[in-house]
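Let's take a friendly walk through a protein chain, one stop at a time. Keep the picture beside you and look up each place as we come to it.

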Amino acid sequence: MKVKLILWRVPAIFLAVLLMLMGFSLSPAHAQFHGTDSAGMAVSAARIPAPAANTVSVTKSCDSFLWFGQAKISVGSYTAVTYANYYELKVIDPDGVVQFTGDLSKSSGRSYSSGIQSVGSLSGTWTYQIRGYYKVPNSTNSWAGQPLTGTLNCP
């Protein structure tokens, strides 16, 4: 008889402990937080400036003989600009067509000659631009800087 009495008490005690534990674990947590904070984040992009005109040596000429002529533009020297790792010479004819784009790190990229042309097709204002770029290593991406622009007027 004592065995039967003990047997029904074990499940009752187990059930009581289980309900007590469930009661503790099911109670919601309460917390309050107050306060605000702000932070400023300064963001800017690097700008590549144009080469300074007084640091660039450019030779330009319109050579003509009778009915034929030739436009020539050469960059002798230039000073590096902030953030640039590549420099370019671009020559644009009087019609606005880019005739030459040269890498200033190479001697072949420093000079442009229009070749012998009729004076009529040579005449007008030729424009040249010297510009620094930042070319991203191991990528085809680049950022162009502001150009130093000059002109050559051919009669």
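Asn-138 sits in the loop between β7 and β8. Here helices (H or I, at least four residues) and strands (E, at least two) are DSSP runs, numbered from the N terminus. The phi angle of Asn-138 is near 60°, which is a positive value in a residue other than glycine. Is Asn-138 buried or exposed? With 86% relative accessibility, Asn-138 counts as exposed. These words have cut-offs: buried means under 20% relative accessible area, exposed means over 50%, and partly exposed lies in between (1.4 Å probe, protein chains only).

Before going on, note that this is a predicted model, in which local features need pLDDT of at least 70 and side-chain atom pairs count only at pLDDT 80 or more, while totals for chains, interfaces and linings use all residues. Residues are numbered from 1 along each chain as its sequence is written, and side-chain values use heavy atoms, with hydrogens and water left out.

Now follow the two strands on either side of Asn-138. The hairpin of β7 and β8 has 6 residues between the strands. Strand β7 (residues 124-135) and strand β8 (residues 142-154) pair in the antiparallel sense over 11 bridges. Two strands are said to pair if DSSP finds at least two bridges between them. One of the links to find is Thr-127, whose bridge partner in β8 is Thr-151. β7 also pairs with strand β3 (residues 86-92), again in the antiparallel sense, over 7 bridges. There, Val-91 has Tyr-128 of β7 as its bridge partner.

Step back to see the whole chain. Its secondary structure comes to 2 helices and 8 strands. Starting at the N terminus, the elements run α-β-β-β-β-β-β-α-β-β. The chain has 155 residues, and buried ones make up 25% of them. Contact means heavy atoms within 4.5 Å. Among contacts between residues at least 6 apart in sequence, 59% join residues at least 24 apart. Gly-120 lies in helix α2 (residues 119-122) and is exposed, with a relative accessible area of 57%.

Next, look for the aromatic rings. Rings of Phe, Tyr and Trp (its six-membered ring) pair if their centres lie within 6.5 Å; planes under 30 degrees apart count as stacked, over 60 as edge-to-face and the rest as tilted. By this rule the count comes to 5 aromatic pairs. Why is the pair of Tyr-78 and Tyr-87 called tilted? Their ring centres are 5.0 Å apart and their planes stand at 45°, so the pair is tilted. Tyr-78 counts as partly exposed at 22% relative accessibility, whereas Tyr-87 is buried, with a relative accessible area of 9%. Tyr-112 and Trp-126 form another tilted pair, 6.0 Å centre to centre with 40° between the planes. This pair links distant parts of the chain, since Tyr-112 is in strand β5 (residues 111-113) and Trp-126 is in strand β7, 14 residues apart. Both Tyr-112 and Trp-126 are buried. Together with Phe-100, they form one aromatic cluster.

Charged side chains come next. A salt bridge is a side-chain nitrogen of Lys or Arg within 4 Å of a carboxyl oxygen of Asp or Glu, and by this rule the count comes to 1. Which side chains meet in a salt bridge? Those of Asp-63 and Lys-72 do, at 3.4 Å, N to O. Asp-63 is partly exposed at 35% relative accessibility, and Lys-72 is partly exposed at 32%.

Our last stop is on the surface. Leu-66 is in the loop between β1 (57-65) and β2, and has a phi near 55°, a positive value in a residue other than glycine. Leu-66 is exposed, with a relative accessible area of 60%. Phe-68, found in strand β2 (residues 68-77), is partly exposed, with a relative accessible area of 46%.
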